[in-house]
Amino acid sequence: MTKEELEQYRSIAAEIDEIRDRLNKNTVHDTVTGSDSEFPYIRHVMSVSGVTETEDNKRDMMLIRKLECKKREIEAFIHSIPDSVMRRIFTYRYIDGIVRPSWQWIAFKIGHYDESYPRRKHNKFLNKS
């Protein structure tokens, strides 16, 4: 996994949210009447909803699946790092919702005070991979 791929994580997550918002605007809601399948066949009103099937919506759904796959791939890579400190550095740097945390902030979170410590460990790990 490259640094460039890892840096795409937050953008991928944001793009998925944007596409879902766009799809939600195309959601159709309605109600239908039905009954139980067994006696006494009590009648119910049920709410149903769904996305209108258009070519744009199909493309959006395919793109969401592709982006979610890449997102899971990045998460799996980070979660598979055996060293706890290294895994935390990568999680803080790429996955957490913090907008581009500084190396100093990450250093404090892992119990160090020198910002170069997590940066060097991070870069050494990526160069070794």
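These questions and answers go through the terms used to describe the predicted model above.

Me: What kind of model is this, and which residues count towards its values?
Reply: The model is predicted: local features need pLDDT of at least 70, side-chain atom pairs count only at pLDDT 80 or more, and totals for chains, interfaces and linings use all residues. Residues are numbered from 1 along each chain as its sequence is written, and side-chain values use heavy atoms, with hydrogens and water left out.

Me: How many helices and strands are in the protein chain?
Reply: The protein chain has 6 helices and 2 strands. Helices (H or I, at least four residues) and strands (E, at least two) are DSSP runs, numbered from the N terminus. Along the sequence the pattern is α-α-β-β-α-α-α-α.

Me: Why is the protein chain called more spread out than a compact globule?
Reply: The globule rule is 2.2 Å times the number of residues to the power 0.38, and the radius of gyration is taken over C-alpha atoms. For 129 residues the rule gives 14 Å, and the radius of gyration of the protein chain is 22 Å, well over that, so the chain is more spread out than a compact globule. The C-alpha atoms fill a box of roughly 70 × 35 × 25 Å, taken along the principal axes.

Me: What makes Asn57 buried?
Reply: Buried means under 20% relative accessible area, exposed over 50%, and partly exposed in between (1.4 Å probe, protein chains only). Asn57 has a relative accessible area of 5%, so Asn57 is buried. Asn57 is found in helix H3. Leaving aside neighbours within four places in sequence, Asn57 is in contact (heavy atoms within 4.5 Å) with Leu23, Asn26, Val51 and Thr52.

Me: Why does Thr91 count as buried?
Reply: Thr91 has 18% relative accessibility, so Thr91 counts as buried. Thr91 lies in helix H4, and apart from neighbours within four places in sequence, Thr91 is in contact with Ile78 and Asp96. Over the protein chain, buried residues make up 26% of the 129 residues.

Me: How do you know that the span of H3 is close to the expected one?
Reply: The expected span of a helix is 1.5 Å times one less than its number of residues. H3 has 25 residues and reaches 36 Å from its first C-alpha to its last, close to the 36 Å expected. The buried residues of H3 include Asn57, Ile64, Leu67 and Phe77. Among what covers the buried residues of H3 are H1, H4 and H6.

Me: What does the span of H6 come to, and which residues of H6 are buried?
Reply: Helix H6 (residues 116-128) has 13 residues and reaches 18 Å, close to the 18 Å expected. Its buried residues are Ser116, Pro118, His122, Phe125 and Leu126, and they pack against helix H1 (3-7), helix H3 (55-79), helix H4 (84-95) and helix H5 (103-109).

Me: What makes Pro40 and Tyr41 worth a remark?
Reply: Most residues other than glycine have a negative phi, and most peptide bonds are trans. The peptide bond from Phe39 to Pro40 is cis, with omega near 20°. Tyr41 has a positive phi of about 50° although Tyr41 is not a glycine. Pro40 lies in the loop between strand S1 (27-35) and S2, and Tyr41 is found in the loop between S1 and S2.
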